[in-house]
Amino acid sequence: MCGRYSIYESMDDYLRQLALDLVVINGYDHERINRYNVAPSTRVEVIRPAPINARAETVMTGKFFKSLWPNGRALAPANGWFEWIPDVADPKRKQPYYIQAADGRSLFFAALAEVHPGLEPDERSGFVIVTAAADEGLVDIHDRKPLVLTPELAREWIDPGITTERLAEIVQTGCRHSTDFQWFPVSKQVGNVRNQGPELIKPV
């Protein structure tokens, strides 16, 4: 996974799909987020219980993530993500693809977050998206994909009462299958992080 994704609906929309009655801290839960090209190191909304990626195989045991597991669990709501595929004729040239749910609904990436208290931004705050091995079909796009959870599993992921055994099961087997997704080539303008707008996720 390359680390670029889109999140353009309102937080209220994502929370409704999770059937969660949560208050959004910044108060702008009904306004569309309209981020079509989220890149690493930029601030973006995540949902939390009371490197850019973490591999599912090491997220429970790796030293880097030890302080975040399991209490730093979070969800990164999204509408899709981008991958770059080398051109067969010229591997140095890459074509971006946009991957989204086949049914057009929102996605929920399993994540680990470190969020420091206070209303002011804190440079120590951040999150990583957990990635899983790509299954048949998606492997043509990339050998890794975000650990995308169904709304039901997403609710479990951030449930404070979940057991570590159940969490381990979700990490290992909970990712949605490639048949749940569709992908298509999009404009190379997405390569510039300054570019935003719905045209970035239109098929070309």
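**Reading the fold**

Reply: Happy to. The protein has three helices and 11 strands; helices (H or I, at least four residues) and strands (E, at least two) are DSSP runs, numbered from the N terminus. This is a predicted model, where local features need pLDDT of at least 70, side-chain atom pairs count only at pLDDT 80 or more, and totals for chains, interfaces and linings use all residues. Residues are numbered from 1 along each chain as its sequence is written, and side-chain values use heavy atoms, with hydrogens and water left out.

Me: In what order do the elements of the protein run from the N terminus on?

Reply: They go β-α-β-β-β-β-β-β-β-β-β-α-α-β.

Me: How much of the protein do buried residues make up?

Reply: Buried means under 20% relative accessible area, exposed over 50%, and partly exposed in between (1.4 Å probe, protein chains only). Here, 48% of the 204 residues are buried.

Me: Which residues of helix 3 are buried?

Reply: In helix 3 (residues 164-173), they are Leu167, Ala168, Ile170 and Val171. They lie on the same side of helix 3 because they cover an arc of only 160° around the axis, the arc being that of the directions from the helix axis to the C-beta atoms. On the face turned away from that buried side you'll find the exposed residues Glu165, Gln172 and Thr173. The cover over the buried residues includes strand 4 (73-78), strand 10 (148-149) and helix 2 (151-157).

Me: Strand 4 again! How many of its residues are buried?

Reply: Six of the six, so strand 4 is largely enclosed by the rest of the structure. Arg73, Leu75 and Pro77 point one way from strand 4, while Ala74, Ala76 and Ala78 point the other way.

Me: How many aromatic pairs does the structure hold?

Reply: Rings of Phe, Tyr and Trp (its six-membered ring) pair if their centres lie within 6.5 Å; planes under 30 degrees apart count as stacked, over 60 as edge-to-face and the rest as tilted. The structure holds seven such pairs. Tyr5 and Phe109 make an edge-to-face pair, because their ring centres are 5.5 Å apart and their planes are at 75°. The pair of Tyr98 and Phe184 is tilted, since their centres are 6.0 Å apart and their planes are at 55°. That pair links distant parts of the chain, 86 residues apart: Tyr98 sits in strand 6 (residues 94-101) and Phe184 in strand 11 (residues 181-185). Both Tyr98 and Phe184 are buried.

Me: Which residues form one aromatic cluster?

Reply: Tyr5, Trp81, Phe109 and Phe181 do.

Conventions:
Contact means heavy atoms within 4.5 Å.
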